[in-house]
Amino acid sequence: MSAKRLPIDVDHGAVGAFKDETASRKETFYQGPSGSDLASFPPKERWDDWVELDSKSWPRKKELRQVLVPTTCFNCESACGLLAYIDKETLQVRKFEGNPEHPGSRGRNCAKGPATLNQIHDVDRILYPLKRVGNRGGGRFERVSWDEALTDIASRLRKAIVDKRPNDIMYHVGRPGEDGYTERVLAAWGVDGHNSHTNICSSAARAGYQFWMGFDRPSPDHANAEVILLISAHLESGHYFNPHAQRIMDGKQNGAKLIVMDVRLSNTATHADHWIAPYPGSEAAILLAIANFIIKRKRYNSDFIRKFWNWESYLAAERPDLPRTFESFETAIAEAYASYTFDFAAKESGVSETKLCEIAEIVSKAGTKLAAHNWRSAAAGAEGGWQVARCLFFLNCLLGAVACEGGTYPNTWNKFVPKPIYMPPHPKTWNELTWPKEFPMSMYEMSILLPHFLREGRGKLDVYFTRVYNAVWTNPDGFSWIDQMTKEDSPIGLHVALTPTWSETAYFADYVLPMGLGSERHDLHSYETQDAQWIGFRQPVLKEAKRRMRRDTGADTRGVNPGEVWEENEMWIDLSWRIDPDGSLGIRQFFESKKTPGTKLSIDEYYDYIFENSVPGLPAKAAAEQLLPGEFMRRYGAYEIRSGIGQLFAEDVPAAELVDVARDAFGRVYAGSPKPDSLNVAPQPVPDADAAGRRAVGIDVDGRVLRGFPTPSGKLEFYSPTLKAWGYPEAAIPVYIKSHVHPENLLPNEVPLIPTFRLPIQIHTRSGNSKWLSEIAHSNPLWIHTSHAAEVGVLTGDLVRVSTRIGYFIVKAWVTEGIKPGIVACSHHMGRWKLESGEGQRQSMATVSMERNKSAYMLRRLFGVEAHDDARDKDLSRVWWTDAGVHQNLTFPVQPDPLSGMHCWHQAVRVEKAYEGDRYGDIVVDLEKSKAHYETWMAKTRPAGKFSPDGTRRPHWLQRPLRPSKDAYKL
Amino acid sequence: MPTPAAIPLPLKWAKVIDQTRCIGCHACSTACKSENEVPLSVHRTYVKNVDIGVFPTARRAFQVTRCNQCENPPCVTACPTSAMFQRKDGIVDFDKDWCIGCKACIAACPYDAIFINPEDHTAEKCNMCAHRLEVGLEPACVVVCPTQAILVGDMNDPASKVAGIINREVVAVRRPEKDTRPKLFYKGAHTATLDPLAALRPTGGIFMWGEQVGRLGGKVTSGTSSAAGSGTRTTSSAAAVLSYDIPHNRPWDWRVSAYTWTKSLATGAYLWGGPAVLGIYNHDSAMWRLAVPFVAGFFLAITGLLLIADLKQPTRFYYLFLRPQWKSWLVRGGILISAFAAILALHFAFGLTGNGAAGVALSWLGAPLAFGTAIYTAYLFAQAKARDLWQNPMLPAHFGIQSLLAGAALWTILIPAGDLVGGPDLSVSVLTAMHLLMIGSELSMTHGTAHARAAAREITHGEFRGFFALSLILSGLGILTPIFGAFGALCALLGLLAWEHAHVQAGQSVPLA
């Protein structure tokens, strides 16, 4: 029986969202979590005019009439669905809730979702285009018009393109938040100018997955798993935090065992059935000990391995002594991993043998329901960390838990990137500033090395865009960036910062162009949150609200955004027309309307094209509600194309494709048929064609031709001929690599510092403009174990000097049992600062002075966060915290992993009580030391010039953003 | 024979928070701030974090913390104007239009769930998003939670999810001994978060990602101090460290300490002063006709002003009389003070006409009213159910003694020495000794609860030991009034003030959440 509630007051205009009332009106009832007759959201049929009661007036019933418009959150890459509740009278966004129509986030959000409201109303945000006045970094800017700014920028871009200096143009993105739009802009310009943040994020993990299966990211099916194995902190951070956290807890509630490997007591470790805290960098040793256990106990899925691993290649190359049979392989693999005993792993990791054995038992019995995930964490910290991801996926491959329920899917199969209106060809040039010869197999660009490369004169940048990318702050060795930006004859010609807020990087820009937040811009994206394919649409919510209310929305997105805040997508179209106004450069054609040729492509036409033509099932679904596809997407914000993708690798290749077939010695099948058109243009690796130019289509398995994986062999590459050929024979199979913070590699008195852990409340520097988030989390003390703290002689709150190999920072101690003794950790997000001369985010930045003495830089805190009386937001007078944290990243030298290019975040540090005269927030760095450290790590690389087996810069089949034409690959 | 249908029970809203699902992400915190436009520095809900255990056998316990929607809500009982009220369906709601900002609700709530909103200066707390329930929507925190850890529903409906969890699973409530009968049930909460004194408060004024109180003054931080030599101990035998919390309220400041003192002066001036003056002079004297009511009235007026000044909505003080909630001791005290003031006014008015006998007749009413005015504060403090230190059976007697002592000391100062035959008598000495005896009893006896013990310790060894020591010295000098005369009496008076301040502040110094 249902609860009897107090009768609704019939005097006001509100209708109820209750179950029976909604049902009687034949509207959609969104069941709330409590399982009662209460809804979680108003019925979608009423999103044009929904009446709610005002909380502040309660118990007086003041009505608020609202229009609900979906968008997606911009605070992290998860892009969870949001519904903007827009007041119909004021046409202001009152709040953001989740979007129940979003298949990934399912109507729920993390703290950063609702906090988007703060970011919209932040009084410190940048509202107008700005141009530098005075020296770069002097903090003085004047307002200019968009026209002036874009004319200037366009002319420089045009000159660089016309003068055939395409590598002088670079677009450096922090948070993409979209699938490929900007890459296609660069392709249209013909420049290999894409740069990203990936090598401070997921490069290593991508390498580990890609060498196995071609796809570079995992899509674990947590909700249906029996064992969830995380080398990550997905209950609080990462790709894709909220959607995955939901499903991990669903899985746990369904009886899954959660195993977490983390040196620190994360919130995720708290929920683990088994938490192990290994010595940083030893994770692969543990994983291989588990693999060894599975192999010895013969608990592996032999049928799966036999069919889908490239074991024959392995035997042929490495064990020619053995007959080429599966039984031989079983013998060979057992021999290969026999040395990875629990004893060995225990010695490397400090975790007891008993515990390791316990974990191994559990994992080995998971069958095909092992959902495992490594995104950053250990892979992002340790040299050789890419093997962590590789060894983790090794377990999935041993158990056959690949692309099946409860297992780990390749990401791309759970992703749909709809074909856009134009697909410009990729550039014919190769930019060595981002893809240098030293790192032929780097996963994404060597972004951290850019200042060093510029210093070495390897190139210069005529126009450099930073987009929601706080290079100076988020990277290691930020002073090197500042140095290159501010020196006399800087190699960075024009620095254009595309950002909604002030940041440590925007200070050093020449143009600061304000771009919209998550409810003020257009983007389209698709992420692998479960075994399904969906698209999510981000839009300027006021534009859609006005459209529904038949009001004027202005010429472009600036018409509905605050001030003159724009969005990149429209801006790129405009900019591209300015670069090539008459189309003679061949650029303009990719930004022209198809409906009215000769005019600019409008953003609406761009997306309507996709919705009408490239999303299977969408037009029909829309028509069922008498909507156009574009109207449908603007109304509901998300669409699920299909679910239950399953094991695509085991599907038969259709006979139509098997034309002019050839095979290699290992069962790789090639065909002369052309590549079938697909509406899904999600990037995939491109295995090489055979000598006759036939494309790889599948693999021979037990008399059938199955699709397989997009690797050269078509199979899961336990043994990577690519790694062998390109100079890494010792790493051709999953192995354990002793990291740069292995005890053997530490100097006396050094301990490892883990600077990568993230807070659920913040996201790098992008959330620094939310007062609610800053109120909760505003500092990053150094986590140090009680016993270690006693040795150092500090209590919680005392100052500690942490010295890296190139400098030091002064931070407070957080004495805790939540970390392995002898390891220290400091959170990634805190330590924002602004210079006295500049503007900034007042509630999350400390004000600092920056001094330079030859090669030494020093940052000193002048004062912390202060309260302000600001008529625009009275809350600013209630800012009660003073701390903003310490920017540790400045003291980290670049440490590019020689294979994956990943910046190895873990630092070898000395931890001491602060010296006399040390003040909280002091940061000192010597750029000479930074240079020397960079050179040490460059010496570890195995450059293409020396190791390329075929005269190319990079294995062609490996994925690469904005992959240039094949000719450009030649050395 | 058809089975009789079960008689449906009335709707009773309850909340379940499943800490086995909660991942401590704070989405509920920001969703609530958004939905209810809660300013910075105050919170309707937050997520308390406690790190438990010793590496590697450790975890972080979360507790989503807010109003417990008590079935027996002390905030409602304490509220003088029913601004805080309980609905028939069990929701404890509030009406800002009637709040006078007296903070009795905050003093009463054993969970520190209520705060004064700095924008509108009235009390506020989680009210289960009653404005959303009204239109059939779940509360904002329920909807946003990634793991659906927060549930609401009818606990009287056996088919509801909340009833299922409350009645069939292992759940706990915060501080059940406070007899509030909370309707927020925690599944999987650790005692280290449920018990406010279980966790150690870190040194250095910081938590794992923030400051404990930052710039805010007058706040209470949760947990038990870990400062060396503090002599405090946590109530948890398992290692527990508070890793994240919000600053907590201490609602009644120096104005409330001062008002108890001025009230003692006002009532004592009448209760002790009356008979004394009548004894030395007679009922025709100006001292009886005018001085007694004037002195008492003067201090009563200051008392009233202090009470009004303490309100966050001082211009609304008269709401007390417009819409009195009779169980509130603020209301009862207000009536007593007003009635006593009326007696004094009449006494003075008659006195002006030369009539002293009227004052004597009035004193048959005046004396009990004065006595009531003197001791009602004990009941007011006890109604602040949150404060264990004030659940003290001797408090009425102690306030009675304080009143007489204040009166005795005051008149020792005011009555010209020449009129005191044989010098100041032993009244001040004896009453001071009795006052010290009461303090001694209070502080030397073992306390019934850890909270009471902690509060007492704040007086003797903690934040207020200065005031405490001062009060002992002053009272000591007060005992020697026969030797020091008016000076001694003044010391006795000031000793009272120092003691009350320590008592009132220490009582609120113990963390509740």
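A salt bridge here is a side-chain nitrogen of Lys or Arg within 4 Å of a carboxyl oxygen of Asp or Glu. Between chain A and chain B, the count is 9 salt bridges. The model is a predicted one. One of the bridges pairs Arg60(A) with Asp97(B). Their closest N and O atoms are 3.0 Å apart.

Polar contacts come next. Chain A and chain B share 37 residue pairs in polar contact, counted where both residues have pLDDT 80 or more. Several elements of chain A supply at least two residues each to the side that touches chain B. Among them are strand 1 (50-53), strand 4 (93-98), helix 6 (241-253) and strand 28 (807-816). Helix 6 of chain A gives the largest share of that side, with 7 residues. By residue class, the side of chain A that touches chain B divides into 51 nonpolar, 23 polar and 21 charged.

Now the extent of the interface. The size of an interface is often given as the accessible area lost when the parts come together. Chain A and chain B bury about 7500 Å² between them. Carbon and sulfur atoms carry 57% of that area. Pro33(A), Trp58(A) and Trp880(A) supply 11% of what chain A buries against chain B, more than any other three residues. In residue terms, 95 residues of chain A are in contact with 87 residues of chain B.

Turn to the nonpolar cores. The largest one holds 161 residues. Trp309(A), Val363(A) and Phe718(A) touch the most other members of this core. Take Val363(A). Beyond its neighbours within four places in sequence, Val363(A) is in contact with residues including Val227(A), Leu229(A), Ile259(A), Ile290(A) and Leu399(A).

Gln895(A) sits in the loop between strand 32 (856-863) and strand 33 (907-913) of chain A. Is Gln895(A) buried or exposed? Its relative accessible area is 4%, so Gln895(A) is buried, the cut-off being under 20%.

Note on methods:
Residues are numbered from 1 along each chain as its sequence is written. Chains are lettered from A and ligands numbered from 1 in the order in which they are written. This is a predicted model: local features need pLDDT of at least 70, side-chain atom pairs count only at pLDDT 80 or more; totals for chains, interfaces and linings use all residues. Side-chain values use heavy atoms; hydrogens and water are left out. A nonpolar core is a set of buried Ala, Val, Leu, Ile, Met, Phe, Trp, Tyr and Cys residues joined through side-chain atoms within 4.5 Å. Buried means under 20% relative accessible area, exposed over 50%, partly exposed in between (1.4 Å probe, protein chains only). Contact means heavy atoms within 4.5 Å. Buried area is the accessible area (1.4 Å probe) that two parts lose on being put together, summed over both. A polar contact is a pair of N or O atoms within 3.5 Å; within protein, one must be able to donate a hydrogen and the other to accept it, and residues adjacent in sequence count only if both atoms are side-chain atoms. Helices (H or I, at least four residues) and strands (E, at least two) are DSSP runs, numbered from the N terminus. Ala, Val, Leu, Ile, Met, Phe, Trp, Tyr, Cys and Pro count as nonpolar, Asp, Glu, Lys and Arg as charged, and the others, Gly among them, as polar.
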